[in-house]
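Could you walk me through this model in the viewer? I would like to know what to select at each stop and what I will find there.

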Amino acid sequence: MKLQTLIVDDNKLNHFILDFYLRENGSFSPPISLYSGSEVIEKLKETSTINENVLIFLDINMPQINGWQVLDFIDQFYLRDNISVIVLTSESSPQIRERAFAYTSVINFIEKPINKEKILKILP
């Protein structure tokens with residue numbers, strides 16, 4: 001069974017890059033592209049009864065509902081072991097990393113700009 005993958009970023013170029021390398025890897029279902037925090041929250045609400053594993057590539061800095069708010073939603077309302085998050089951000093300070101890894105769902109961190117080397121380092 002392939003892993004359901006969501007790409008959540010307000011930058012279309014990041015979607016293109018991630019989608020390309022995830023499809024090339026072959027371990028993932030075709031990624032679902034979402035462009036805002038509100039879209040991913042709605043998607044998670046729709047799939048709340050599905051027990052398949054979900055991997056979310058989540059941009060932190062998005063307008064309206066940002067990645068931190070999405071992580072709060074996942075931790076507060078879902079508490080599911082089947083959601084894993086890889087944080088995407090251009091802010092890579094130790095404080096941002098520490099804050100990200102404080103969420104139980106966060107399994108990895110990619111500093112933007114996204115490139116092949118960074119993606120291949122974290123993929124199985």
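Start by selecting Leu58 and Val87: Leu58 stands opposite Val87, which belongs to β4. Keep in mind along the way that this is a predicted model.

Now widen the selection to the two strands, β3 and β4 (residues 83–89). They run parallel and are joined by 6 bridges.

Next, bring up the whole sheet. It is open, has 5 strands in the order β2-β1-β3-β4-β5, and its pairing is parallel. Colour β2 (32–34) and β5: these stand at the edges with a single partner strand each, so one side of each has no neighbour in the sheet. Turn the view to look along the sheet, and you can follow a twist that averages 20° from one strand to the next.

Time for the helices. Select α2 (residues 37–46), which lies across β1 (4–8), β2, β3 and β4 and runs at about 155° to β1. Then pick α4 (residues 94–101): this helix packs on the sheet, where it touches β4 and β5, and its direction makes about 155° with that of β5.

Two loop stops remain. Go to the loop between β3 (54–59) and α3 (67–78) and click on Gln64. Gln64 is not a glycine, yet its phi is positive, at about 65°. Show the surface as well: Gln64 is exposed, with a relative accessible area of 73%.

Finally, move to the loop between β5 (106–111) and α5 (116–122), where Pro113 lies.

Note on methods:
Residues are numbered from 1 along each chain as its sequence is written. This is a predicted model: local features need pLDDT of at least 70, side-chain atom pairs count only at pLDDT 80 or more; totals for chains, interfaces and linings use all residues. Side-chain values use heavy atoms; hydrogens and water are left out. Helices (H or I, at least four residues) and strands (E, at least two) are DSSP runs, numbered from the N terminus. Buried means under 20% relative accessible area, exposed over 50%, partly exposed in between (1.4 Å probe, protein chains only). Two strands pair if DSSP finds at least two bridges between them. Axes are lines fitted to C-alpha atoms, for helices over the stretch in contact, and angles run from 0 to 180 degrees between N-to-C directions. Contact means heavy atoms within 4.5 Å.
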